[in-house]
Amino acid sequence: HTAHSLEVQYLKGLTGEGPAPIPEDAVLIVDEVDGLIVDEDVNRAYVYEDKRASLALTQALQRRGKRGRDSLRDMLAGHNAALAEAVQEAETELKEKVNGKDYTIDHKARKCKILDKYARPRESAYELWLELLNHAQFDTPCRFLSPQFLLSRPYVLKKHSRIVGLSGSLGNVAEQEFVKAVYECDLVLVPPFLNCCRGKRKERPLCRGVYVEASADEHQRRVASLALDAQQRGVPTLVIMRNDDAVAELVTNHLEPMLGAEAVAQQEVQTISSSLFSESRSKFKDVVDNATVLSGSGKYRITCTSPIGGRGQDYRVQDDAVDVNGGMMLI
């Protein structure tokens, strides 16, 4: 299991859509176990569309369109008090939104889209005020999403008699001692696959330097310069930044201006964000796979990611020339 698949199985068991919840003598074998025992997000909300509420909201909007200025809150209060309150807040929020700043209207796609702080459309973003706006602009049905389950990871973990976990993220002595003390566990070192093969050894990464700059801007300029140098050497580059905002700043303020419009158009730089992981796992995987594939210009890409793209992901380099040129660069 992974953390996500374990949660899904447990939910299906509780709702009758799968096997019964975990028996008391079960042993859990889980990949990326640090995602279960270390991550801060121990309680996860599962958000789904409430189809009854969606239909009620759409019908109320249609009735109000015919009658005039009836209050949506009053029209919905008898059906669903929580929906009525949420709609009232969304209507207030919508009045404060500005076209071109908070959202954009894509007439070709017949869809309004939320803009991030760099005026980039967030294709799959959901907000209730955006649903109201789309209905007003294009008469599209509204969706009302709400938490249907709140699942506690520690509760699910304690349902197992034993846990066998695999992780590549508990490397130093302090982390290992902490995990052993807190979880009363044993740690077993599993050697890399190539070290188990005759005549082969896994190549250790080479540290090319550690840099400390005087300001955040100088730091990002240094990171961009190192990434461009690696691209010129003919290797793919992965840059792991603190969060999504830092990724956007690095790309917008430094990498794109340094690369130029033509290189940007050829997708020589790409980003991986936490929001992309939440919105579409398939698109997220495509971007990870593209990190080690030549761009449209024939050069290797520079991939900038928040920590979500630097943990538990497989970046497969299949071009021998990359090894000759020094291997994939990690910053």
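This is a predicted model: local features need pLDDT of at least 70, side-chain atom pairs count only at pLDDT 80 or more; totals for chains, interfaces and linings use all residues.

Colleague: What makes Thr-303 buried?

Modeller: Its relative accessible area is 0%. Buried means under 20%, so Thr-303 is buried. The residue sits in strand S10, residues 302–305.

Colleague: Which residues is Thr-303 in contact with, leaving aside its neighbours within four places in sequence?

Modeller: They are Thr-237, Leu-238, Val-239, Gln-270, Ile-272 and Ala-291. With Gln-270 there is also a polar contact between side chains, at 3.0 Å.

Colleague: What makes that pair a polar contact?

Modeller: The distance is 3.0 Å, and the cut-off for the N or O atoms is 3.5 Å. The side chains of Thr-303 and Gln-270 are therefore joined by a polar contact.

Colleague: Why is Glu-175 called partly exposed?

Modeller: Its relative accessible area is 32%. Partly exposed covers the range between buried, under 20%, and exposed, over 50%, so Glu-175 is partly exposed. Glu-175 belongs to helix H8, residues 173–183, and touches Ser-169 and Leu-170 when residues up to four places away in sequence are not counted.

Colleague: And why is Ile-29 called exposed?

Modeller: Ile-29 has a relative accessible area of 54%, and exposed means over 50%, so the label applies. Ile-29 lies in strand S1, residues 27–31. Together with Val-27 and Val-164, Ile-29 makes a nonpolar surface patch of about 270 Å².

Colleague: How do you know that Glu-123 and Lys-113 form a salt bridge?

Modeller: The N to O distance between their side chains is 3.0 Å. The cut-off is 4 Å, so the pair counts as a salt bridge. This pair links distant parts of the chain, 10 residues apart: Lys-113 is in strand S4, and Glu-123 is in the loop between strand S5 and helix H6.

Colleague: Are the two partners buried or exposed, or something in between?

Modeller: Lys-113 is buried, at 10%, while Glu-123 is partly exposed, at 38%.

Colleague: How many salt bridges does this rule give?

Modeller: The count is 10. Among them, Arg-222 and Glu-213 meet at 2.8 Å, N to O. Arg-222 is partly exposed at 33%, and Glu-213 is partly exposed at 26%.

Colleague: What makes Asp-314 and Arg-316 a salt bridge?

Modeller: Their closest N and O atoms are 3.6 Å apart. With the cut-off at 4 Å, the pair is therefore a salt bridge. Arg-316 has a relative accessibility of 52%, so Arg-316 counts as exposed.

Colleague: Which residues have the most contacts inside the largest nonpolar core?

Modeller: Leu-57, Leu-76, Leu-83, Val-87 and Trp-129, in a core of 25 residues. Helices H3, H4, H5 and H6 and strands S3 and S4 each supply at least two residues of this core. H6 gives the most, with six residues.

Colleague: What does Leu-76 touch, not counting residues up to four places away in sequence?

Modeller: Leu-76 touches Ala-56, Leu-57, Ala-60, Leu-83, Ala-84 and Val-87. There is also a second, separate core of 16 residues, which includes Ala-224, Ala-263, Val-269 and Ile-302.

Conventions:
Residues are numbered from 1 along each chain as its sequence is written. Side-chain values use heavy atoms; hydrogens and water are left out. Helices (H or I, at least four residues) and strands (E, at least two) are DSSP runs, numbered from the N terminus. Buried means under 20% relative accessible area, exposed over 50%, partly exposed in between (1.4 Å probe, protein chains only). A polar contact is a pair of N or O atoms within 3.5 Å; within protein, one must be able to donate a hydrogen and the other to accept it, and residues adjacent in sequence count only if both atoms are side-chain atoms. Contact means heavy atoms within 4.5 Å. Patches are made of residues with over 30% relative accessible area and no salt bridge: like charges are joined within 9 Å, nonpolar side chains (Val, Leu, Ile, Met, Phe, Trp, Tyr) within 5 Å. Accessible areas come from the Shrake-Rupley method with a 1.4 Å probe; for residues, only the protein chains shown count as cover. A nonpolar core is a set of buried Ala, Val, Leu, Ile, Met, Phe, Trp, Tyr and Cys residues joined through side-chain atoms within 4.5 Å.
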